[in-house]
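Subject: Structure handover

Hello,

Here is the structure you were waiting for, with the sequence. My notes on it follow below.

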Amino acid sequence: MSVKKDLRFTFALSHQWLRLLGVWPDPHTSLSDIRRPKLRFMIVVCILSIYVFMPQFLNVIHSWGNVGLMVKHVASANYSLMALCKLIVTWYHGETLRTLMTSVAADWTTAKETWKQNTMLKIARRGRNMSLRCYISTTFTITFYFFANLLKFHRNMHQPVGQRKLVYHFDYYISQKSPNYEITYFIQMFGGIYTAFICSTIDSFVPMLLLHISAQLINLRVTLNKLVKKLAEKSISSLTFKKDLAAIIVRHEELIRNAGTIENCYSIVLLGYMVAATFQMCFECFQFFTIMTAKNVNISVIEISFLAFYFVVVLVHLYFYCYSAERLMAESTNIAYGVYECQWYDLPSKDAKDLMFTVYRSRIPLRLTAGKFSIFSLEMFGMMVKTSMGYLSMLLTMSN
């Protein structure tokens, strides 16, 4: 495969959506194009800010004191704010991410050995499958969201002009006459759809970068083991060993910098995401239980299905982050274990001592953190789900 095909295979749908949103850090474009905000990006940011997030935020303020309404509006505003932040952060760090994507493209170009390509493809397929699950769950959620709002639009068209409701109601919008009402309604509806796809795209893009670095660490560990084996069998000289080992150390440092680049770009926004995802799961479950336990209320199948898939979307995206970060930590520490498992005992002492540089550096695992406060891992995934259910219990108690 060519480099462009490799990148498209690795990042799948996130490549197309980031390009559509105007924030794809294309390694084949110039830096001036990356730095200049694209019209598509500015339009999406304006729609999300003015037509989606602002009405939701004002509705939170107006519903203060009513637990049920507050939870509904906060859950909606929470999700759109995270989408907006992730999109802006990806654009802001476009130059840095472009450099990172150039490194990713170089990895596919320089991987000549079949076993290296197979390792990268295996990890890439696993990431693609998880990314596909993110998009499938998002697509189901958007489908129910779309039909629910179409039904709402159909009912509103038969209402008097002063009683029509928008997707996200806001008081400062005065005119409800046609075609202003219809235009605003569909802008808000498609703004909500864009919000969901932005979250799915960024939440697939970042973990795929982490998994790519994990694949490179696996290749590096195998390369190191093969190099030690060659020297142990005396098929190469000590001078050649030192030269190739130096290249491995340089490559290891490059991968450490790449992981640090991802951490520096997204650490702060992931802190907000960690808090938001915890409350998001709590709020969606609260709305679900409220609807199911309400008396004398007709239960909407579309609304129930929307909330169920909404919860699955948050859960799947969070798991993808935690899984990829856990894999990165495991493979970064496996470099040290790889040195222990190789034939270092058959090497001359002066050559065996050189391996200690790699061991010492691998003792500190590569991590993805939420604002340097918490480390994304499968353990963190379980703790967040447990915490959100604790908050749900508190909310149910307050509402009763």
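Of the 400 residues in the protein chain, 50% count as buried. Please keep in mind that this is a predicted model. The protein chain holds 12 helices and two strands. Read from the N terminus, the order of elements is α-α-α-α-α-α-α-α-α-α-α-β-β-α. Along its principal axes, the C-alpha trace spans about 90 × 50 × 30 Å.

Helix α5 covers residues 94-110, which is 17 residues. From its first C-alpha to its last it reaches 24 Å, close to the 24 Å expected at 1.5 Å a residue. Its buried residues are G94, L97, R98, L100, M101, S103, V104, A105, D107 and W108. T119 has its place in helix α6. With a relative accessible area of 17%, T119 is buried, because the cut-off for that class is under 20%.

Helix α9 has 41 residues, 301-341. At 1.5 Å a residue it should span 60 Å, and its end C-alpha atoms are 57 Å apart, which agrees.

Aromatic pairs

The structure holds 25 aromatic pairs. Two of them are worked through here.

In the pair of Y79 and Y310, the ring centres are 5.2 Å apart and the planes stand at 80 degrees. The planes are therefore past the cut-off of over 60 degrees, and the pair is edge-to-face. This pair links distant parts of the chain, with Y79 in helix α4 (residues 67-92) and Y310 in helix α9, 231 residues apart. Both Y79 and Y310 are buried.

The rings of F153 and F186 have their centres 5.0 Å apart and their planes at 65 degrees, so this pair is edge-to-face as well. It too links distant parts of the chain: F153 belongs to helix α6 (residues 114-157) and F186 to helix α7 (residues 180-232), 33 residues apart. Are the two residues buried or partly exposed? F153 is buried, at a relative accessible area of 14%, whereas F186 is partly exposed, at 28%.

Ring pairs also link W17, Y135, Y194 and F197 into a cluster.

Nonpolar patch

Which residues make the nonpolar surface patch? They are V275, F279, Y391, M394 and M398, and the patch has an area of about 440 Å². The elements that give two or more residues to it are α8 (238-293) and α12 (378-399). Helix α12 gives the most, with three residues. Y391 is found in helix α12 and has a relative accessibility of 32%. That value counts as partly exposed, because the class lies between the 20% limit for buried and the 50% limit for exposed.

Regards

Terms used:
Residues are numbered from 1 along each chain as its sequence is written. This is a predicted model: local features need pLDDT of at least 70, side-chain atom pairs count only at pLDDT 80 or more; totals for chains, interfaces and linings use all residues. Side-chain values use heavy atoms; hydrogens and water are left out. Patches are made of residues with over 30% relative accessible area and no salt bridge: like charges are joined within 9 Å, nonpolar side chains (Val, Leu, Ile, Met, Phe, Trp, Tyr) within 5 Å. Accessible areas come from the Shrake-Rupley method with a 1.4 Å probe; for residues, only the protein chains shown count as cover. A salt bridge is a side-chain nitrogen of Lys or Arg within 4 Å of a carboxyl oxygen of Asp or Glu. Helices (H or I, at least four residues) and strands (E, at least two) are DSSP runs, numbered from the N terminus. Buried means under 20% relative accessible area, exposed over 50%, partly exposed in between (1.4 Å probe, protein chains only). The expected span of a helix is 1.5 Å times one less than its number of residues. Rings of Phe, Tyr and Trp (its six-membered ring) pair if their centres lie within 6.5 Å; planes under 30 degrees apart count as stacked, over 60 as edge-to-face and the rest as tilted.
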